[in-house]
Amino acid sequence: MKVGFIGLGVMGRPMAQHLKSAGYDVRVWARRPETLVGLDLPPEATPAALGAACDVVFTMITSSADVESVALGPCGLIHGMAPGTVLVDCSTIAPQVARHIAEALAEKGVAMLDAPVSGGVQGAIDATLAIMAGGNAEVLARVRPLLDCLGKRVVHVGPSGAGQVAKACNQMIMVAAIQAAAEAMRLAAASGVDCGKVRQALAGGSAASRVLDVMGQRMVARDFAAGIEARLHHKDYGLVLEAARRAGVPVPLTAAVGQQLNALMARGWGHDDTAALLRVLEVQ
Amino acid sequence: MKIGFIGLGIMGRPMALNLLKGGHEVRVWARRAESMQPLLAAGAQGALSPADAAKERELVISMVADAPDVAEVMRGVASAAVSGLVAVDMSTIAPAAARSIGRELADAGIDFLDAPVSGGEVGAIAGTLSIMAGGSAAAFARAEPAFACMGKNIVHVGDSGAGQVAKAANQIVTGMGVLAVAEAFAFASKNGVDRSKVREALLGGFAYSKILENHGQRMLDRNFKPGFKSWMHEKDLNIVMQTAHELGLCLPGSAATAQMFNAMVGSGHGEEDSIAVLKLLEGLSGQGGEAE
């Protein structure tokens, strides 16, 4: 099977390599050719050309606008992909944009799954990502062997856009948990108590969580080098808050956390890990 | 002055009427032809399109719903290619959108002002709106005689977009102000204290505000007729929050307030006045209020 991959950043790179290691014929397109250095994957000239050469195309890029332009733009996938082929978008974008792209592709007989992931760079490298898929169940069954190369847990959440809704829910819970861990660490430090000991004590109880484990440790060690860059969570919070607005659903905690992320960006920590929310609380 | 006026809704209609009363020659256009009738009856000329409304005019004013509408009518105005024209948008849109429309019009040789208003329908009818303008001083001077017919407190805030920044700031203060008064009333009632007496007591002190006085009275009367509709306040607070997101600006109070307005729209209070936030608060705290 011929598999296309677009978006060879920190997440996309290991994902493309897992597909190649599994024996698939992987080819790529990159907006910036320098991202292809050190990758033994043949490039195509445009997304359309890549689409024409492949049975399944993966995208893993940053913004709704970028996914839309790669899929539907002048040299976009839509101009090359044949009926019966599948686009799997692993990016985190707005649910309504995912639905819009899926509808446009469907008119050409091309299927699309929104399949955003959780698990970060380490999850991409270890092929242990959680994958939340939206779209047609039969299409998902067809590409499932490919997704199994990338992640451990693939859940079909519902129709087109449902994967992106699940990802938005994931981001709400995860970043709010990082903020809660940061506030706890800050309170401990301000009370003259050892943060590391507090984290250790909490790990055995009801407040235990993966966030407290991983991000909490970064806070204790004051190691703010990114896992996932905070600017990406900031971007995602824009999507979440817009989705809540469209649904007319109040999300008071998410809104408050969103303001802490705005402050983080304003202080210039967008390329640090989101654990840097602790530093926002320390601003005098 | 020869003025084109585009958009004849709740706000635009009385504003255009006040321009006529001020002795200006006004040509009007509205998407729905029937909206033009009251103006034609009062002596305005009717235009066939936004471009037609700008023909042989010194000034053209738009008062429409949202940024895409402003961009669309201003494209029409630009296509009329009237040299020396000043275009004024008095709608509430994002500062970034206003700046972008201003740049496009500048390319067509048209001076642009963003000049949103505060004061609601009452202020529009009475000609007592607050007008906050952004753009060049020369354009502001040209538009001032028209502003004087529609408003009282007329301020040239700064460069292009500055008027919309001031309006967004206005919506921060009024949004939180309405919520603050509603919370104070809920607090009083839950404590078994007469909220009308609390209002009366507060009016003499540092908590005095126009919102405590006017919106507070309407809360006491449980008169939720708009006024200023909740969904419009929600839209304006969304401009605030989007801008804060783009700039990296921490606005915790506005964010919390925006969520209350989000909840109002979601729970069917969007067409009511923004003071209906009181009902939401009462519901959250299990206070009867009125069953609505």
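Buried means under 20% relative accessible area, exposed over 50%, and partly exposed in between (1.4 Å probe, protein chains only). I start my notebook with that rule.

**Ground rules.** I am reading a predicted model, where local features need pLDDT of at least 70, side-chain atom pairs count only at pLDDT 80 or more, and totals for chains, interfaces and linings use all residues. Residues are numbered from 1 along each chain as its sequence is written, chains are lettered from A and ligands numbered from 1 in the order in which they are written, and side-chain values use heavy atoms, with hydrogens and water left out.

**Confidence.** I looked up pLDDT, the predictor's confidence in each residue, from 0 to 100. Chain B has a mean of 94, and 99% of its residues reach 70 or more. For the complex, the predictor gives an ipTM of 0.80 and a pTM of 0.86.

**Where the chains meet.** I found 19 residues of chain A in contact with 17 residues of chain B (contact means heavy atoms within 4.5 Å). The buried area is about 1300 Å², with carbon and sulfur atoms giving 55%; this is the accessible area (1.4 Å probe) that two parts lose on being put together, summed over both. On the side of chain A, A:R245, A:Q259 and A:N262 lose the most area to chain B, together 44% of what that side buries.

**Salt bridges.** My rule asks for a side-chain nitrogen of Lys or Arg within 4 Å of a carboxyl oxygen of Asp or Glu. Over all chains, that gives 22 salt bridges, and 1 of them crosses the interface of chain A and chain B. A:R245 pairs there with B:E234, the closest N and O atoms being 2.8 Å apart.

Next I checked A:R27 and A:D25, whose side chains meet in a salt bridge at 3.5 Å, N to O. Is A:D25 buried or partly exposed? A:D25 is partly exposed because its relative accessible area is 30%, while A:R27, at 19%, is buried.

B:D273 has a relative accessible area of 1%, so I noted it as buried; B:R218, at 21%, counts as partly exposed.

**One buried histidine.** I ended with B:H233, which counts as buried because its relative accessibility is 2%. Leaving aside neighbours within four places in sequence, B:H233 is in contact with B:Q171, B:T174, B:G175, B:F228, B:F261 and B:S274.
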